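Trainee: I would like to learn how to read the features of a model such as this one. May we go through them one at a time?

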Number of protein chains: 2
Amino acid sequence: MARLPEYLRALHNLAESGHDTVSSEGLAAAAGVNSAKLRKDLSHLGSYGTRGVGYDVDLLIEQIEYVLGLTQRRAVALVGVGNLGHALAGYAGFASRGFRIAALIDADPAQVGEEINGLVVRHIDELEQIASEESIAIGVIATPAAAAQGVADQLVAVGVTSILNFAPCVLGVPEGVDVRKVDLAIELQILSFHEHRKASLTALPGVFAGTGTEDAAAKGLRRPAGGTKPAGTAEAVGS
Amino acid sequence: MARLPEYLRALHNLAESGHDTVSSEGLAAAAGVNSAKLRKDLSHLGSYGTRGVGYDVDLLIEQIEYVLGLTQRRAVALVGVGNLGHALAGYAGFASRGFRIAALIDADPAQVGEEINGLVVRHIDELEQIASEESIAIGVIATPAAAAQGVADQLVAVGVTSILNFAPCVLGVPEGVDVRKVDLAIELQILSFHEHRKASLTALPGVFAGTGTEDAAAKGLRRPAGGTKPAGTAEAVGS
DNA sequence: CGCGATTTGTGCACGCCTTCACAAGCGAAT
DNA sequence: ATTCGCTTGTGAAGGCGTGCACAAATCGCG
């Protein structure tokens with residue numbers, strides 16, 4: 001399930017807040033989902049809750065991290081050290097959540113050699129050697145769209161089986177390779193769509209009256225726990 | 001539908017490639033979806049195709065942009081000019097796809113006054129004045145998690161009704177406000193999950209045999225058009 | 001003018017995900 | 001030891017999205 005990471009983050013927050021156990025209701029609120037959904041999700045990976053009490057926070061964290069394969073600290077190769085690439089290279093959240101940026105790669109010779117966060121940018125032609133030095137399973141593509149497919153091909157060629165793509169294009173990869181895409185402009189366009197809907201909703205009620213983007217469980221909830229705790233881990237990219 | 005922006009991007013690519021019309025099959029391949037799904041999606045916003053021919057590219061672009069509310073260039077306020085904030089402030093894709101970053105905001109006095117891409121960073125206490133200068137409907141939060149909820153509250157207070165949240169936390173907002181969340185670490189964790197599944201799949205076939213992240217339509221497809229076109233718009237963030 | 005090739009638009013069925021509601025189980029208090 | 005309150009785990013119903021398959025419609029060509 002794609003919600004497990006969200007649960008995991010909420011659990012880590014709760015653990016730091018000193019909670020030993022948590023009810024499905026409480027955890028669901030912290031993760032912004034329905035409690036029944038959460039229970040069903042957790043039941044899929046075994047019975048780790050105690051009726052009448054709730055879930056043992058530490059045990060649940062352990063289990064989820066195992067299922068997500070976070071027991072081993074996976075090495076990530078980041079291709080494209082441009083605008084976004086720089087930000088990603090300095091993102092503390094990667095390290096704090098089980099990942100290690102093992103290589104910074106770019107095709108521009110002008111970028112090669114630069115040191116970012118203690119890591120030197122290497123040229124993409126060295127990719128094969130880089131892959132032989134470390135077992136790289138995940139590649140992150142932060143290049144222009146025109147270069148993304150080529151980079152993806154090269155990553156696949158050296159054995160990468162999971163790709164996180166920030167370039168605004170569709171990647172074609174052989175079966176067995178997973179691709180996830182994050183397109184920042186598309187996120188804004190979706191919000192724009194909702195804005196447009198809200199604006200014309202007063203005039204034409206019932207048109208495109210789909211659900212909002214927020215989960216119903218979180219609607220109208222003020223401060224659903226986690227996020228405003230006194231001293232957060234402050235693992236965000238921002239300021 | 002959340003797929004319209006993807007169609008729009010594919011259409012723009014096709015338009016630049018000189019295509020006047022496109023079949024649902026062709027556009028579906030470019031967008032990485034099923035053709036029936038695409039036709040159904042497009043039918044929801046009216047009949048803009050011609051049987052036996054296909055869709056008029058320019059007309060379809062116009063229609064989708066209207067539905068998405070991109071006819072007006074929306075003003076976006078970016079809060080949190082840190083690591084990621086800098087990258088977002090310099091992201092050309094926002095401007096090229098219908099958005100205008102109208103304000104850069106931070107809470108850290110050390111950041112205030114800095115000029116990024118021709119825009120001066122202002123303090124968040126000026127938010128009310130900033131909102132009165134320009135009609136800001138969309139806010140982007142790129143702050144640490146601990147500050148995100150507070151910023152969201154302030155944005156909502158000055159009339160922002162759509163928020164794009166990069167901080168790893170759940171935001172509570174009043175009804176009528178849309179929130180979309182992008183958590184970079186979660187994306188990696190989902191990929192890690194698939195890696196873990198693939199690794200243990202050889203030993204325990206049938207365990208967690210869910211679908212992959214790629215659409216079935218795109219599986220095994222090499223270069224599904226759009227992305228490796230000769231001279232792309234190169235609107236990505238990366239290098 | 002008619003016919004065939006092609007493509008859109010859509011009815012229908014299937015399957016997944018979500019949600020409700022409740023029985024089963026656990027701990028605490030008496 | 002028993003009862004009571006609380007919470008998990010799950011059966012069942014409902015809704016929604018997906019994809020197939022086909023009828024309707026349009027263009028080009030003879």
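Trainee: Where is Val76(B) found?

Mentor: Helices (H or I, at least four residues) and strands (E, at least two) are DSSP runs, numbered from the N terminus. Val76(B) belongs to strand β4 of chain B, residues 74-79. This is a predicted model, in which local features need pLDDT of at least 70 and side-chain atom pairs count only at pLDDT 80 or more, while totals for chains, interfaces and linings use all residues. Residues are numbered from 1 along each chain as its sequence is written, and chains are lettered from A and ligands numbered from 1 in the order in which they are written.

Trainee: Is Val76(B) buried or exposed?

Mentor: A residue is buried if 20 or more other C-beta atoms lie within 10 Å of its own, exposed if 12 or fewer, and partly exposed in between, with C-beta atoms placed from the backbone. Val76(B) is buried because 23 other C-beta atoms lie within 10 Å.

Trainee: Which residues does Val76(B) touch?

Mentor: Two residues are in contact if their C-beta atoms, placed from the backbone, lie within 7 Å. Leaving aside residues up to four places away in sequence, Val76(B) touches Leu188(A), Phe94(B), Phe99(B), Arg100(B), Ile101(B), Ala102(B), Ile138(B) and Val140(B). Val76(B) and Val140(B) are 64 residues apart in sequence, yet their C-alpha atoms are 7.1 Å apart in space.

Trainee: How many residues does the largest nonpolar core have?

Mentor: A nonpolar core is a set of buried Ala, Val, Leu, Ile, Met, Phe, Trp, Tyr and Cys residues joined through C-beta atoms within 7 Å. The largest one has 144 residues, and among those with the most contacts inside it are Ile141(A), Ile163(A), Leu27(B) and Ile141(B). Ile141(A) touches, among others beyond four places in sequence, Val79(A), Ala148(A), Val151(A), Ile163(A) and Phe166(A).

Trainee: How should a strand and its partners be read?

Mentor: In a regular strand the side chains alternate between the two faces of the sheet. In strand β10 of chain B (residues 178-181), Asp178(B) and Arg180(B) point one way, Val179(B) and Lys181(B) point the other way, and all are buried. Two strands pair if DSSP finds at least two bridges between them. Strand β9 of chain B (residues 162-165) is joined to β10(B) by four bridges, and the two run parallel. Ser162(B) stands opposite Asp178(B).

Trainee: In what order do the three strands of the open sheet in chain B lie?

Mentor: The order is β1-β3-β2, with antiparallel pairing. β1 (21-22) and β2 (49-50) of chain B are the edge strands, each pairing on one side only. Two bridges join β2(B) to β3(B), and Thr50(B) faces Gly54(B) across that pairing. Chain A also has an open sheet of three strands in the order β1-β3-β2, with antiparallel pairing. There, Val22(A) has Tyr55(A) of β3(A) as its bridge partner.

Trainee: Which residues of α2(A) are buried?

Mentor: They are Leu27(A), Ala28(A), Ala29(A), Ala30(A) and Ala31(A). The buried residues of α2(A) pack against α1 (4-16), β1 (21-22), α3 and β3 of chain A. After α2(A) comes Gly32(A), with a positive phi near 75°.

Trainee: Which residues come nearest to DNA strand D?

Mentor: A residue is near a molecule or strand if its C-beta atom, placed from the backbone, lies within 6 Å of it. Of the 24 residues around DNA strand D, the nearest are Ser24(A), Ser47(A), Gly49(A), Arg51(A) and Gly52(B). Elements giving two or more residues to this surface are α2 (24-31), α3 (35-43) and β3 (54-56) of chain A, together with α3 (35-43) of chain B. The most, five residues, come from α3(A).

Trainee: Which element supplies the largest share of the surface near DNA strand C?

Mentor: α3(B) does, with five residues. Around DNA strand C there are 25 residues, of which Gly52(A), Ser24(B), Ser47(B), Gly49(B) and Gly52(B) come nearest.

Trainee: How is confidence to be read in chain A?

Mentor: pLDDT is the predictor's confidence in each residue, from 0 to 100. Chain A averages 88, and 84% of its residues score at least 70. Over residues 206-222 of chain A the pLDDT is below 50, and over residues 224-235 of chain A it stays under 50. Where pLDDT is low, the predicted coordinates should not be read in detail.
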